[in-house]
Amino acid sequence: PKILVKTADLDPRKNYVLGFHPHGVLVAGAFTNFCTEATGFSKLFPGLRYNLLMLPLWFRAPFFRDYIMSAGLVPSDKESASYLLRRKGGGNVVVIVVGGAPEALDAHPGDYTVHLANKKGFIKLAIEHGADLVPIYSFGENEVFDQVENRRGTWLRYIQERLQCIMGISLPLFHARGVFQYSFGLMPYRKPINTVVGRPIPVEKNKKPTAEELDVFHQRYMDELSRLFEEHKGNYGVAEDSHLLFQ
């Protein structure tokens with residue numbers, strides 16, 4: 001089961017940039033919450049028009065492109081995101097899986113690595129459009145698949161990172177259960193994903209934000225994401241001594 005948890009109201013007169021963490025192997029939580037109504041996002045947050053951003057590469061694949069566009073997915077380039085946030089009337093929301101493809105390589109059960117330390121493009125996008133920032137953490141996202149051990153420094157990780165640089169997508173070697181048996185296959189484990197939407201961080205519009213301004217909001221966002229994780233981890237089986245690791 002997948003559950004969406006609301007911690008604060010989102011004013012439909014404002015625009016928002018939602019940062020989704022972690023990527024997981026197949027971004028199952030983000031797709032379910034923001035490309036379907038399975039968890040009732042529009043009922044929890046009425047008046048918002050939302051789109052999940054995805055690597056532009058996938059929009060070049062025939063047929064698959066039509067499938068993801070029918071689900072409301074949009075290429076994760078700046079031009080597309082800006083277009084969505086410029087729509088009149090407010091209530092425009094873009095959802096960005098901030099860690100992207102590289103974060104998928106750290107999607108191991110019990111791992112809380114978040115690729116965020118050097119990610120400031122989405123912060124700049126929010127400031128340029130005056131869109132409030134909202135952190136999201138999806139508990140259980142890394143639990144639905146096992147991944148072949150690929151610690152940094154291993155040959156497998158080196159090859160995966162090289163391929164990711166060349167192709168733009170990462171190739172985690174994942175496995176879980178089968179259709180009729182639970183020992184091996186590519187079906188996800190039957191484990192819950194609980195996606196917690198944090199409170200908005202107010203952002204003043206500035207078409208040319210300074211480096212200092214970016215740093216301030218970036219740190220504010222990291223602090224708020226950490227607070228969200230620490231405040232809710234006990235509800236979802238995360239050990240007390242487990243904390244987010246910013247990469």
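Helices and strands here are DSSP runs, with helices being H or I of at least four residues and strands being E of at least two, numbered from the N terminus. By that definition, Phe 63 lies in the loop between strand 3 and helix 3 (64-70).

Before going on, a word on what we are looking at. This is a predicted model, in which local features need pLDDT of at least 70 and side-chain atom pairs count only at pLDDT 80 or more, while totals for chains, interfaces and linings use all residues. Residues are numbered from 1 along each chain as its sequence is written, and side-chain values use heavy atoms, with hydrogens and water left out.

Back to Phe 63. Its phi is positive, about 70 degrees, although Phe 63 is not a glycine. Is Phe 63 buried or exposed? With a relative accessibility of 71%, Phe 63 counts as exposed. The cut-offs are under 20% relative accessible area for buried, over 50% for exposed, and partly exposed in between, using a 1.4 Å probe and protein chains only.

Val 27 also has a positive phi without being a glycine, near 50 degrees. Val 27 sits in the loop between strand 2 and helix 1, and at 17% relative accessibility it counts as buried. Pro 22 is in the loop between strand 2 and helix 1 as well. The peptide bond joining His 21 and Pro 22 is cis, with omega about -15 degrees.

In what order do the 7 strands of the open sheet come? The order is 1-10-7-2-5-3-4, and the pairing is mixed. Strand 1 (2-6) and strand 4 are the edge strands, each pairing on one side only. Two strands count as paired if DSSP finds at least two bridges between them. In general, strands of a sheet pair through backbone hydrogen bonds, either parallel or antiparallel. Strand 3 and strand 4 run parallel and are joined by 2 bridges. Met 54 stands opposite Pro 75 in strand 4.

Two helices lie across these strands. Helix 1 (residues 28-35) lies across strand 1, strand 2, strand 3, strand 5, strand 7 and strand 10 (193-197), and runs at about 150 degrees to strand 3. Helix 4 lies across strand 2, strand 3, strand 4 and strand 5, at about 150 degrees to strand 5. For these angles, axes are lines fitted to C-alpha atoms, for helices over the stretch in contact, and angles run from 0 to 180 degrees between N-to-C directions. Contact means heavy atoms within 4.5 Å. The buried residues of helix 4 are Ser 80, Ala 81, Ser 82, Leu 84 and Leu 85. Their cover includes strand 2, strand 3 (49-54), strand 4 (74-75), strand 5 and helix 6.

That brings us to helix 6. Why is helix 6 (residues 121-129) largely enclosed by the rest of the structure? Because 7 of its 9 residues are buried. Those are Phe 122, Ile 123, Leu 125, Ala 126, Ile 127, Glu 128 and His 129. Covering them are, among others, strand 2 (16-21), helix 4 (78-86), strand 5 (92-97), strand 7 (132-139) and helix 8 (211-232). After helix 6 comes Gly 130, with a positive phi near 65 degrees.

Glu 128 of helix 6 has 13% relative accessibility, so it counts as buried. Its side chain makes a polar contact of 3.0 Å with the side chain of Lys 78. A polar contact is a pair of N or O atoms within 3.5 Å; within protein, one must be able to donate a hydrogen and the other to accept it, and residues adjacent in sequence count only if both atoms are side-chain atoms.

Next, the nonpolar cores. A core is a set of buried Ala, Val, Leu, Ile, Met, Phe, Trp, Tyr and Cys residues joined through side-chain atoms within 4.5 Å. Among the 34 residues of the largest one, those touching the most other members are Val 17, Ile 96, Leu 116, Phe 122, Ile 123, Leu 133 and Tyr 137. Helix 8 gives this core its largest share, 7 residues. A second, separate core has 24 residues, including Ala 30, Ile 68, Ala 71 and Val 95.

Last, Lys 233, in the loop between helix 8 and strand 11 (245-246). At 1% relative accessibility, Lys 233 counts as buried. Its side chain makes a polar contact of 2.7 Å with the side chain of Glu 230, and a polar atom of that Lys 233 side chain lies 2.7 Å from the backbone oxygen of Ser 242.
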